Amino acid sequence: MANIIISNLEAIPGVTIVKHLGMVQGNTVRAKHMGRDIMAGLKNIVGGELRGYTELLTDSREECTQRMIEHAQALGANAVLNVRFSTSSVSAGASELFVYGTAVVVQ
Amino acid sequence: MVGFIIFLALLSVGFVFGRTAEANHFKSLIEREEKLSHITITTTKKLPDGYRSSEFVAGNVVISIDYFKRIAAALRGLVGGRIASYTSLLERARREAVLRMKEEADKEGASMIANVRLETSSVFQDAKQLVGSLEVYAYGTALK
């Protein structure tokens with residue numbers, strides 16, 4: 001984890017790409033939490049940020065990024081470039097987070 | 001009758017609290033944007049010259065509309081036209097997400113964020129609700 005470079009640029013400073021290993025991806029589907037939902041229901045009256053959900057989505061993104069990194073490391077990559085994120089709602093109350101990029105070997 | 005009183009109560013609570021919360025949020029946005037104005041952000045993919053290292057940075061926010069504005073938007077939906085309440089809601093969410101990304105870049109000591117992408121999605125939407133919660137996610141590569 002520590003020594004893999006993640007970037008959404010095509011090239012990163014200080015290194016050269018020596019080998020392309022193809023696309024890598026990670027995804028996770030998360031459903032909302034009942035307890036958080038009650039708070040969110042109250043927040044829906046006054047409006048504003050739903051902190052519980054912000055944290056939930058941050059955690060979920062970390063998880064899918066971790067999966068992408070595992071995939072990249074299995075291919076022998078030490079960097080993932082041109083990373084994109086995408087979110088879609090798959091059913092009522094659940095969201096899918098998806099991250100993808102190109103695994104490369106850099107020097 | 002009771003239902004109508006509850007409706008009016010929710011409407012006024014939403015109006016009062018939603019309004020002050022929005023005003024306060026805009027004030028804090030302007031203040032923080034001023035503080036972080038030294039970080040340039042671009043949407044170009046190409047790596048600019050003269051930087052030594054890079055770091056992935058991101059910021060996100062999940063935001064919800066207040067009850068008064070939801071009703072106002074529903075009424076507007078009958079006649080069509082610009083829905084001001086959602087316009088300002090999304091503006092707040094985008095500015096907040098970009099600011100959080102900038103704050104993260106500032107901690108890294110970066111002076112620029114390249115290839116910034118903004119993604120908007122409605123998350124955890126209920127079948128009965130018109131709009132659940134909106135999420136804005138901003139990400140990019142911080143350079144120093």
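Reply: Here are some notes on the chains, their contact and a few residues.

Me: What should I know about numbering and the kind of model first?

Reply: Residues count from 1 along each chain as its sequence is written, chains are lettered from A and ligands numbered from 1 in the order in which they are written. This is a predicted model, so to speak of local features pLDDT of at least 70 is needed, side-chain atom pairs count only at pLDDT 80 or more, and totals for chains, interfaces and linings use all residues.

Me: What is the mean pLDDT of chain B?

Reply: For chain B the mean is 87, and 94% of its residues reach 70 or more. pLDDT is the predictor's confidence in each residue, from 0 to 100. Where it is low, the predicted coordinates should not be read in detail.

Me: OK, chain A. Which elements does it have, and in what order?

Reply: Chain A has two helices and five strands, arranged β-β-α-β-α-β-β from the N terminus on. Helices (H or I, at least four residues) and strands (E, at least two) are DSSP runs, numbered from the N terminus.

Me: Is chain A compact or spread out?

Reply: Chain A is more spread out than a compact globule, because its radius of gyration is 17 Å, well over the 13 Å that the globule rule gives for 107 residues. The radius is taken over C-alpha atoms, and the rule is 2.2 Å times the number of residues to the power 0.38. Along the principal axes, the C-alpha atoms of chain A fill a box of roughly 55 × 25 × 20 Å.

Me: What share of chain A is buried?

Reply: Of the 107 residues in chain A, 35% are buried. The classes are buried (20 or more other C-beta atoms within 10 Å of the residue's own), exposed (12 or fewer) and partly exposed (in between), with C-beta atoms placed from the backbone.

Me: What about the sheet in chain A? Which strands are at the edges?

Reply: The sheet is open, with four strands in the order β1-β4-β5-β2 and mixed pairing. Its edge strands are β1 (5–6) and β2 (17–31) of chain A, each pairing on one side only. Two strands pair if DSSP finds at least two bridges between them. β2(A) and β5(A) (residues 94–106) are antiparallel, over 13 bridges, and Arg30(A) stands opposite Ser95(A) in β5(A).

Me: Which strands does helix α2 of chain A lie across?

Reply: Helix α2 (residues 51–74) of chain A lies across β2, β4 (79–91) and β5 of chain A, at about 145° to β2(A). Axes are lines fitted to C-alpha atoms, for helices over the stretch in contact, and angles run from 0 to 180 degrees between N-to-C directions.

Me: Where is Leu75(A), and what does it contact?

Reply: Leu75(A) is in the loop between α2 and β4 of chain A. Leaving aside neighbours within four places in sequence, Leu75(A) is in contact with Leu21(A), Val24(A) and Ala103(A). Contact here means C-beta atoms, placed from the backbone, within 7 Å.

Me: Why is Leu75(A) classed as partly exposed?

Reply: Because Leu75(A) has 13 other C-beta atoms within 10 Å.

Me: Switching to chain B. What is the pattern there?

Reply: Chain B has three helices and four strands, in the pattern α-β-β-α-α-β-β along the sequence. The C-alpha trace of chain B spans about 70 × 30 × 25 Å along its principal axes.

Me: How many residues of chain B touch chain A?

Reply: 40 residues of chain B are in contact with 30 residues of chain A. The elements of chain B that give two or more residues to that side are α1 (2–35), β2 (54–64), α2 (67–79), β3 (112–123) and β4 (133–143). The residues on that side divide into 19 nonpolar, 13 polar and eight charged. Nonpolar covers Ala, Val, Leu, Ile, Met, Phe, Trp, Tyr, Cys and Pro, charged covers Asp, Glu, Lys and Arg, and the others, Gly among them, count as polar.

Me: Which strands pair between the chains?

Reply: Strand β3 (residues 48–49) of chain A and β2(B) are joined by two bridges and run antiparallel. Gly48(A) stands opposite Ser64(B) in β2(B).

Me: Last one: what is phi of Asn115(B), and is that residue buried or exposed?

Reply: Phi of Asn115(B) is near 55°, a positive value in a residue other than glycine. Asn115(B) lies in strand β3 of chain B and counts as buried because it has 21 C-beta neighbours inside 10 Å.

Methods:
Two residues are in contact if their C-beta atoms, placed from the backbone, lie within 7 Å.
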